[in-house]
Amino acid sequence: MSETIRQKMFAEMAKKEIFELAKTCAIEYADKALERNVFPHDQAIAQLRQFEEPLPDTSSDAVAVIEHLHNYGSPASVSQIGGRYFGLVNGGVIPVSLAARWLSDFWDQNTPLYLSSPIASKLEEIVEDWLRDLLGLPQNVVAGFVSGSSMAIFCGLAAARYRVYQNLGWDVNQKGLNGAPEIRVITSQHAHATVIKAISLLGLGIDSIEWVAVDNQGRIQCENIPTLDQNCIVLLQAGNVNSGTFDDFESICEQANVAGAWVHIDGAFGLWAAACKDLEYLTSGIEKANSWSVDGHKTLNTPYDNGVVLCNDREALVQALHATGSYIVYSDHRDGMLYTPEMSRRARVIELWATMKYLGKSGISDLVSGLHERAQQFADELSQANFEILNDIVFNQILVKVGDADETAAIVNHIQQSGECWVGAAQWFEQTVIRVSVCSWATTEVDVTRSVNAFVGARNAQ
Ligand SMILES: *Cc1c(COP(=O)(O)O)cnc(C)c1O
């Protein structure tokens with residue numbers, strides 16, 4: 001590196017001007033984002049062309065880099081912090097978790113080993129324990145802190161694959177899948193796309209899935225589960241991504257436990273129901289599963305890049321994700337990379353810790369029940385305005401029928417263009433529906449009424 005650039009960077013660190021500037025821009029953003037269009041204006045999108053340039057030949061001014069990002073990037077972002085984005089299952093961000101992230105960004109920790117970050121190792125240990133307690137999981141459960149549920153499902157399934165093959169006398173790490181004994185994968189017709197992805201990534205093969213039919217709410221029909229044995233991996237869900245419903249863990253896990261089958265629960269947003277006194281009945285029986293996946297960045301409202309895999313078979317998880325090398329020095333403390341596919345990893349546990357410490361058990365319970373109450377209000381007001389709701393509002397998801405595929409697309413488009421809120425379309429059985437996911441702490445009663453009005457305005461405009 002040239003001395004001039006190094007000098008420049010030392011000066012930037014010393015003067016802190018760019019950090020002050022970033023803070024000013026962020027605060028200006030936060031103030032505006034509450035009231036502006038939820039999805040950026042066409043003009044803001046058009047201005048994204050300001051980023052189109054060849055890679056610069058030489059180093060430029062750091063202040064100008066941050067200003068460019070703020071001037072053209074901020075207006076083209078989706079107003080996620082405003083509480084009226086109801087697409088996907090997107091959590092908002094709890095202020096203290098964002099602030100904790102800012103601080104820890106300065107630490108720039110890498111978290112594979114205790115020796116690379118004692119603080120991250122400590123917080124992973126603490127949060128692992130808090131999660132067991134909060135979700136009512138057994139003491140032998142371990143946690144891996146990964147990017148999101150896609151990766152958490154992958155890890156849970158990797159542990160399952162390791163254990164099931166091991167039980168059949170096959171070491172999948174050494175021998176791979178060629179010539180391996182057959183194992184069976186059982187999941188619902190409504191399994192999330194990332195469950196299917198994990199099945200294919202792990203070489204189990206989509207064709208090997210034994211699909212189980214669901215009821216009209218998207219729950220597995222227990223009576224249609226095939227006879228299980230110890231060659232089986234069963235994937236259940238806590239929170240159907242469209243309807244928000246939960247499988248019957250009590251009865252399915254019992255069958256699986258008796259048969260010696262492995263159960264993984266995809267609880268990306270729904271597993272948090274276990275932390276809510278009004279809704280924990282939905283997760284009854286989850287403690288009988290073998291592995292679970294859950295997101296901080298959904299229901300718990302941490303910043304993005306916050307998923308957790310939980311597993312009651314430490315050996316299987318660690319063996320499935322193991323890595324060795326002469327420079328990898330494991331310790332007597334917690335070494336995070338034992339539980340994750342990645343080696344280098346940011347210290348994402350910090351935001352989980354800050355959020356859980358700040359909210360406490362009652363705060364988390366209130367956060368989760370608040371999302372459910374706003375979803376119920378949304379559904380009630382839509383019904384009063386003569387919209388048809390297709391699902392029971394058990395958690396935070398609402399499915400609205402407004403017509404055929406074309407009519408739905410027109411109404412969705414009108415709502416999105418209004419800038420008042422953002423919702424998307426989905427397929428629910430044979431029908432096209434509007435899908436609403438209430439997942440941000442920032443969504444108020446007023447936001448819901450305002451969003452329902454956007455639905456009414458869009459229908460009237462047809
Ligand atoms: C969001 C979601 C996932 C995927 O999680 P990511 O954190 O986006 O990787 C998996 N399953 C369900 C039910 C989800 O809602």
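Why is E7 largely enclosed by the rest of the structure? Five of the five residues of E7 are buried, so the rest of the structure largely encloses this strand. The views below take up this strand and its surroundings.

This is a predicted model, in which local features need pLDDT of at least 70 and side-chain atom pairs count only at pLDDT 80 or more, while totals for chains, interfaces and linings use all residues. Residues are numbered from 1 along each chain as its sequence is written, and side-chain values use heavy atoms, with hydrogens and water left out.

**View 1. The seven-stranded sheet.** An open sheet of seven strands runs in the order E1-E7-E6-E5-E4-E2-E3, with mixed pairing. Helices (H or I, at least four residues) and strands (E, at least two) are DSSP runs, numbered from the N terminus. Two strands pair if DSSP finds at least two bridges between them. E1 (142–146) and E3 (209–212) stand at the edges. Each has a single partner strand, so one side of each is left without a neighbour in the sheet. Neighbouring strands are turned by 20° against each other on average, direction ignored. Axes for such angles are lines fitted to C-alpha atoms, for helices over the stretch in contact; angles run from 0 to 180 degrees between N-to-C directions.

View 2. E7 covers residues 307–311 and runs antiparallel to E1, joined by five bridges. Leu 310 is the bridge partner of Ala 143. Phe 145 stands opposite Val 308. E6 also pairs with E7 in the antiparallel sense, over five bridges. Here Ser 291 has Cys 311 as its bridge partner. Both faces of E7 are covered. Gly 307, Val 309 and Cys 311 lie on one side, Val 308 and Leu 310 on the other, and all are buried. Buried means under 20% relative accessible area, exposed over 50%, partly exposed in between (1.4 Å probe, protein chains only).

**View 3. Strand E5 beside E4.** E4 and E5 pair in the parallel sense over five bridges. Ile 233 stands opposite Trp 262 in E5. Five of the five residues of E5 are buried. One side carries Trp 262, His 264 and Asp 266; the other carries Val 263 and Ile 265.

View 4. Contact means heavy atoms within 4.5 Å. The buried residues of H9 are Thr 194, Val 195, Ile 196, Ala 198 and Ile 199. These residues pack against H7, E2, E3, E4 and E5. Just after H9, Gly 203 takes a positive phi of about 75°.

View 5. 14 residues surround the ligand (a heavy atom within 4 Å). The closest are Ser 150, Asp 266, Asp 295, His 297 and Lys 298. Polar contacts are pairs of N or O atoms within 3.5 Å; within protein, one must be able to donate a hydrogen and the other to accept it, and residues adjacent in sequence count only if both atoms are side-chain atoms. A ligand oxygen is 2.9 Å from a polar backbone atom of Ser 149. A ligand nitrogen is 3.4 Å from an N or O atom in the side chain of His 192. In the side chain of His 297, an N or O atom is 2.9 Å from an oxygen atom of the ligand. The protein covers 84% of the 380 Å² of accessible area that the ligand has on its own. Accessible areas come from the Shrake-Rupley method with a 1.4 Å probe; for residues, only the protein chains shown count as cover.

View 6. Two bridges join E8 to E9 (residues 397–401). Glu 388 stands opposite Lys 401.

**View 7. Thr 443 in its loop.** Thr 443 lies between E11 and H14 (445–460). Thr 443 is buried, with a relative accessible area of 7%. Its side chain reaches the backbone oxygen of Gly 83 at 2.7 Å. Not counting residues up to four places away in sequence, Thr 443 touches Gly 83, Phe 86, Arg 374, Val 438 and Val 448.
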